[in-house]
Amino acid sequence: MGSPLRSLTLPSPSTPVPIHSFRSRAAFKLIQLNRQFGFLDNARSVLDLCAAPGGWLQVAAKALPAGSTIVGVDLDKIRSIGGVKTLVGDITTPATAAALKRAGGGVAYDAVLHDGAPNVGGAWASEAYSQVRARAKKKMDGKK
Ligand SMILES: C[S@@+](CC[C@H](N)C(=O)[O-])C[C@H]1O[C@@H](n2cnc3c(N)ncnc32)[C@H](O)[C@@H]1O
């Protein structure tokens with residue numbers, strides 16, 4: 001039997017209304033990636049870093065069999081999804097790393113997903129500018 005994800009149809013770009021109720025467009029990226037690489041097909045435990053609002057978690061919940069371990073973490077609270085454990089935490093901290101190990105039962109996850117991106121809210125232009133400036137400075141400093 002193939003993965004349940006293989007039978008999910010993607011809406012064409014001209015479809016005005018999404019046919020699935022995923023929380024984010026990112027969900028479709030994960031479906032496509034999994035279609036190509038199949039990393040969720042045999043997974044029984046998945047960790048999703050930077051997972052809010054939860055589109056990838058919804059896809060994982062559809063792809064993995066019942067009883068699988070699916071854990072998502074984000075700085076923002078993730079609305080509950082059946083069969084998924086969610087945590088609020090900063091993935092750069094040891095406290096979050098420890099909480100994620102505990103949530104996974106102390107064993108390695110079969111697949112780790114990561115879609116982290118800064119929350120830039122309404123200040124996108126100024127955030128983008130300061131990030132580009134910081135990277136340029138780092139590059140310049142490296143050349144000294
Ligand atoms: C593009 S969104 C993820 C979308 C998600 N894959 C989905 O399918 O709904 C990026 C997320 O990264 C989170 N993020 C950024 N830095 C983080 C950090 N240090 N720790 C935890 N989450 C972080 C943001 O809060 C944001 O929700």
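These legends describe close-up views of one predicted protein model.

Local features are drawn from residues with pLDDT of at least 70, and side-chain atom pairs count only at pLDDT 80 or more, while totals for chains, interfaces and linings use all residues. Numbering starts from 1 along each chain as its sequence is written.

**View 1. Overall layout of the protein.** The model holds 4 helices and 4 strands. Both are DSSP runs numbered from the N terminus, helices being H or I with at least four residues and strands E with at least two. From the N terminus on, the order is α-β-α-β-β-α-β-α. Of the 144 residues, 22% are buried. Buried means that 20 or more other C-beta atoms lie within 10 Å of the residue's own; with 12 or fewer it is exposed, and in between it is partly exposed, C-beta atoms being placed from the backbone. Among contacts with a separation of 6 or more, 58% join residues 24 or more positions apart. A contact needs two C-beta atoms, placed from the backbone, within 7 Å.

**View 2. Strand pairing around β1 and β2.** Strands count as paired if DSSP finds at least two bridges between them. β1 (residues 45-49) and β2 pair in the parallel sense over 5 bridges. Ser 45 stands opposite Thr 69 in β2, and Leu 49 has Val 73 as its bridge partner there. The chain passes from β1 through α2 to β2 in a right-handed β-α-β crossover. Right-handed means that, with the strands pointing away from the viewer, the path from the first strand over the helix to the second runs clockwise. Strand β2 (residues 69-74) is mostly covered, with 5 of its 6 residues buried.

View 3. β1 and β4 run parallel and are joined by 4 bridges. Val 46 has Ala 111 as its bridge partner in β4.

**View 4. Helix α2 and its packing.** This helix is mostly covered: 7 of its 9 residues are buried. They are Gly 55, Trp 56, Leu 57, Gln 58, Val 59, Ala 60 and Ala 63. These buried residues pack against α1, β1, β2 and β4 (111-114).

**View 5. The largest nonpolar core.** A nonpolar core is a set of buried Ala, Val, Leu, Ile, Met, Phe, Trp, Tyr and Cys residues joined through C-beta atoms within 7 Å. Of the 24 residues in the largest one, Val 46, Trp 56, Leu 57, Val 59, Ala 60, Leu 64 and Ile 70 touch the most other members. α1, β1, α2 and β2 each supply at least two residues of this core. α2 gives the most, with 5 residues. Leaving aside residues up to four places away in sequence, Val 46 touches Leu 40, Ala 60, Leu 64, Ile 70, Tyr 109, Asp 110, Ala 111 and Leu 113.

**View 6. The shell around the ligand.** The ligand is surrounded by 22 residues, each with its C-beta atom, placed from the backbone, within 6 Å of it. Ser 24, Ala 26, Cys 50, Gly 55 and Asp 115 are the closest. α1 (26-37) and α2 (55-63) each supply at least two residues of the shell.
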